[in-house]
Amino acid sequence: MPITQYQIEPKLQLVAWEITRRCNLFCDHCRAAAEDIAYEGELSTEECFGIIDSILDIGKPMLILTGGEPLLRPDIFEIGKYASGKGLRVVLGTNGTVITREIAEKLAEIPVTRIGVSLDFPTAELQDTFRGKSGAFESAIEGIKKARRAGIDIQINSTITKMNAPYLDDLLNFSLELGAVAFHPFMLVPTGRGKALADVELPPEEYERILNWVCDKQLKVGDRIFLKPTDAPHYMRILKQRGMTQASGHGGHPGTANTITRGCLAGTGFCFISHVGRVQGCGYLDVEAGNVKEESFAKIWSDSPLFRQLRDLSLIEGKCGACEYKRICGGCRARAYESTGNYLAAEPYCMYQPSGLRCEA
């Protein structure tokens with residue numbers, strides 16, 4: 001089927017893979033509501049190798065091994081080495097608490113080129129409370145230091161709510177002190193245990209303020225650290241409105257970790273694979289595109305009705321459908337789904353009014 005002006009041509013850039021759901025922490029915002037238990041039906045080592053081969057039939061996206069806590073899976077190093085050996089860039093999403101010197105060195109051997117560590121508060125007391133375990137903060141900091149000594153780049157991920165929005169400057173400064181190469185504020189999508197945080201989700205006005213804060217801070221810090229808001233596709237609209245590009249303080253090249261290509265990438269440049277093989281547009285969009293235990297990843301990516309819908313801009317509804325920025329933004333399909341039950345509905349946390357819907361004065 002030819003690509004029309006209303007469609008986005010898919011180009012797989014990132015695959016986030018929940019390699020296990022098991023986790024040693026009990027975080028308030030957890031998408032997966034993960035626990036420290038053995039989950040049934042997780043993909044075997046050989047099944048994981050097969051999925052990697054099928055991903056390669058589509059291209060060579062960056063592969064994010066995440067969880068749960070991926071380092072609790074015994075064959076994580078085998079899976080990482082297999083993917084790297086096939087030419088995929090492998091990164092790891094972790095809470096950092098179980099990284100020892102030996103583990104850091106094994107990750108460097110894969111090689112894992114970047115580790116994303118979740119830090120939501122700049123102090124031990126607040127972080128440990130949010131993460132559900134005493135000592136989580138100090139263990140994560142030690143893990144970061146060990147990974148850096150092994151030569152692995154560090155990215156700090158922070159899920160932003162009303163609880164920690166006042167600490168954004170502190171979190172950025174702390175990321176710089178830790179020697180991180182990137183700071184990614186994740187704008188909360190209330191799924192899993194995160195549904196209990198709906199009362200502390202930021203209102204649209206705060207989203208707008210924080211995304212402008214990111215723009216301002218990127219210009220200030222320059223190449224010292226890369227800031228990238230996640231689950232905030234309207235950041236692309238803000239960049240456009242401010243006349244900013246990646247070249248003006250948002251450095252990065254396609255195919256690297258430091259790049260921003262579009263707002264919502266679900267089903268167009270990004271997808272998620274669950275611990276039991278369920279493929280989704282992203283980890284927060286709880287709608288199945290297919291299962292790699294039943295059909296190949298390549299077929300799901302190419303032919304899934306869900307992904308075909310997400311690539312068709314003419315299907316987006318409400319003010320997102322009428323918005324002049326929908327090609328570069330698209331609205332958060334996961335947030336729309338959680339709010340309305342319809343993943344094609346308007347993004348509920350964007351305050352922008354499209355030009356075509358404004359009332360004449």
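Before counting strands, I wrote down a rule: two strands pair if DSSP finds at least two bridges between them. I also noted that this model is predicted.

**Entry 1: the sheet.** In which order do the strands of the open sheet lie? I found 10 strands in the order S7-S6-S5-S4-S3-S2-S1-S8-S9-S10, with mixed pairing. Strand S7 (226-227) and strand S10 (290-291) stand at the edges with a single partner strand each, so one side of each has no neighbour in the sheet. A reminder to myself: strands of a sheet pair through backbone hydrogen bonds, either parallel or antiparallel.

**Entry 2: strand S2.** I picked S2 (residues 62-66) and checked how covered it is: 4 of its 5 residues are buried. Then I looked at its partners. With strand S1 (residues 14-18), S2 pairs in the parallel sense over 5 bridges. I spotted Glu 18 opposite Thr 66 in S2. Strand S3 (residues 90-94) also runs parallel to S2, and 3 bridges join them. Across that pairing, Leu 63 stands opposite Val 90 in S3, and Leu 65 stands opposite Leu 92 in S3. How does the chain get from S2 to S3? I traced it through helix H2 (residues 76-85), and this β-α-β crossover is right-handed.

**Entry 3: helix H5.** Next I turned to H5 (residues 136-149). Its 14 residues reach 20 Å from the first C-alpha to the last, close to the 20 Å expected at 1.5 Å a residue. Which residues of H5 are buried? I listed Ala 136, Phe 137, Ala 140, Ile 141, Gly 143, Ile 144 and Ala 147. Seen down the axis of H5, the buried residues fall within an arc of 160°, so they line one face of the helix. Among the elements covering them I noted helix H3 (101-109), strand S4 (112-118), helix H4 (124-131), strand S5 (153-160) and helix H6 (168-177). Just after H5, I came across Gly 151, which takes a positive phi of about 90°.

**Entry 4: the core.** Last, I looked up the largest nonpolar core and found that it has 97 residues. Those with the most contacts inside it are Trp 17, Leu 107, Ile 115 and Phe 297. Helix H7 (residues 204-221) gives the largest share of this core, 7 residues. I then zoomed in on Leu 107: leaving out residues up to four places away in sequence, Leu 107 touches Leu 71, Phe 77, Leu 92, Val 112, Ile 115 and Ile 152.

Conventions:
Residues are numbered from 1 along each chain as its sequence is written. This is a predicted model: local features need pLDDT of at least 70, side-chain atom pairs count only at pLDDT 80 or more; totals for chains, interfaces and linings use all residues. Side-chain values use heavy atoms; hydrogens and water are left out. A nonpolar core is a set of buried Ala, Val, Leu, Ile, Met, Phe, Trp, Tyr and Cys residues joined through side-chain atoms within 4.5 Å. Buried means under 20% relative accessible area, exposed over 50%, partly exposed in between (1.4 Å probe, protein chains only). Helices (H or I, at least four residues) and strands (E, at least two) are DSSP runs, numbered from the N terminus. Contact means heavy atoms within 4.5 Å. The expected span of a helix is 1.5 Å times one less than its number of residues. The arc is that of the directions from the helix axis to the C-beta atoms. A crossover is right-handed if, with the strands pointing away from the viewer, the path from the first strand over the helix to the second runs clockwise.
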